[in-house]
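Please work through the following exercises with the sequence and the model at hand. Each task is followed by a solution in steps.

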Amino acid sequence: MELSEDDVLHILKLIDESQFDYFQLEVGDLKITVSKGEPIPLTAAPQVAAAPAAATAPKPAPAAAPAPKPEAPQAAAIPPGMVPITAPILGTFYVAPEPGAPPFVKVGDMVTEDTTVGLIEVMKVFNSVRSGVKGVVTEGVAQNGQFVEHGQTLFLVKPT
Amino acid sequence: MSVTRVLIANRGEIAVRVIRACQSLGIETVAAVSEADRESLAAKLANRAVCVGPPRSTDSYLKTNTLIAAAQGTGCDALHPGYGFLSERAELAQACADNKITFVGPSAENITMMGDKLEARKIARAAGVPLVPGSDHAKNPHEATRMAETVGYPLLIKAAAGGGGRGIKLVWDKNEIETTFRTAAAEARAAFGNDTLYMERYVGNARHIEVQILGDQHGKLIHLGERDCSLQRRHQKIIEEAPAYAVPQEVRAKICNAAATLARSIGYRNAGTIEFIYDNDTADFYFLEMNTRIQVEHPVTEMITGVDLVAQQLRIARGEPLPFKQSDLKLHGHAIECRINAESPQHDFRPCPGRIDEWQPPQGAGIRLDTHCYPGYFVPPYYDSLLAKLIVHGADRKEAADRTRQALASFHVAGIDTGIPFLQTVIDDPEYRSGSVNTRWLEKKLEAYGAAHGG
């Protein structure tokens, strides 16, 4: 039995959604070890990071659209060493608690897992977005007031 | 009532079906997808896809507010709910109306009326449509026991909030009724958040007959003939046919007219289906429930009428009048639909998600396949197991069944198990071929199949 890259991605995804903190799979010569959070307690098998790669290819916009063209967001590759903060839900993204107020975070700011980095509004309900990662904000990817999908990259963070 | 860009608030084969109908009318589409469906065929075919949440449908396809926000954020002026998920929740239709999004379906009011199965019985009675002898709301086991004397045994205890085969319990005699009533109430409370129960007499030798209707926004409503959906497993349809070959012509006409009368009585618009029970022994028919959406098995009606029902849904939603009248309806030949599910017939039909390594569907005269599958597609474990609907048309039932037999035999799938081997035994069964079946027939075949294949 051979595992394709596709299979590995699916395994990672299933683990990511599971309750398990640690997972090891051995198929023939191939060994996959995955851990969420804390360092791996066992032998030093290389850790596979479950990078939430946004894989949606942008679709060509249809001609003569009466409303704004239904273009999918450009799924830019995540630069090596960076971790994205992604939208936990679909909606309208805001960088500040209210219009005119200073933004929750700016490029260069230190964030911890619990830092609020923005708001996403769905049907007049505002949901705060937590960083989920500790590090320095290196780029604001999503614009204030932009419609974002579930899983879309909002910020890039260099973990510390 | 403009329909220029439609949010497809569903997944699987019906999402693909709706996208194709939109394309045929020059309408743009946005596929609402969960994380697990980012690579789905619907996501590829639509003008764009928008991810609405994690794989679990309660976090994505069942979130009304998120779907409305997705429609607004992508500039959609209409939303098609497909079947299942939120298609029969008045809340979604109402939210669309409140946000000036055209809901491709009936009014929220009509969905509410027909969603309450007790209320639906009252509407049918008022419209003069025959009902299965039954009771009103039975509030407790003692009342149920008393009412059951009038209804007669065996009977069914049904949840008013149920429907589509869910929330039904069979009671053979009065020794069972108290216990079964309590179980049914608890289950209905858990499943639907509503434990209103009523009873109906159980028709043992029955066929499930349903009528397709279409109503426009200008007061015109017609029926498009009926379907026979008697072959069911645990109240889920497996094989559907049109027309209802075993019901006498004059009774079929009565059933279709009753359906149209009922739908007209509530000013119904868009596509809908009215389900009936037909008693094989007495040739009586009774109203069962109304489904206020497009049905899984709509293609068999399309094959014998030549009408694209989903395109009609979109045309009706944008205010066009129906382009034909009742007398224009002509039925041609016979159509059979087999539901191909990701399941293992050798292992008690347990669901079988995973990657489809090979996918070679049949081709040929009279063969249509509605599917979202392709070679290499990963069938996610989060949703129902429907992979494809094989719809086969023939000049008569025999030709349709012969072609179905051939099509199933040449349908090659590898990587996951499907129900195809079991469907083949059904299509070859002499009782099936002669048409002497009822709603319990398939369950017996399943038991026999399980015994023969070590299930």
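**Exercise 1.** State what mean pLDDT chain A of this predicted model has.

*Solution.* Then turn to residues 38-66 of chain A, where pLDDT stays under 50; the model has 43 contacts (heavy atoms within 4.5 Å) beyond four places in sequence for them. Where pLDDT is low, the predicted coordinates should not be read in detail.

**Exercise 2.** State the confidence given to chain B and to the complex.

*Solution.* Chain B has a mean pLDDT of 96, and 100% of its residues reach 70 or more. For the complex, the predictor gives an ipTM of 0.74 and a pTM of 0.85.

**Exercise 3.** Describe the dimensions and burial of chain B.

*Solution.* Begin with the C-alpha trace of chain B, which spans about 60 × 50 × 45 Å along its principal axes. Of the 455 residues of chain B, 59% count as buried (under 20% relative accessible area, with a 1.4 Å probe and protein chains only). Finally, among contacts in chain B with a separation of 6 or more, 66% join residues 24 or more positions apart.

**Conventions.** Residues are numbered from 1 along each chain as its sequence is written, and chains are lettered from A and ligands numbered from 1 in the order in which they are written. In this predicted model, local features need pLDDT of at least 70, side-chain atom pairs count only at pLDDT 80 or more, and totals for chains, interfaces and linings use all residues, while side-chain values use heavy atoms, with hydrogens and water left out.

Key:
Buried < 20%, exposed > 50% of the residue type's maximum accessible area, 1.4 Å probe, protein only. pLDDT = per-residue confidence, 0-100.
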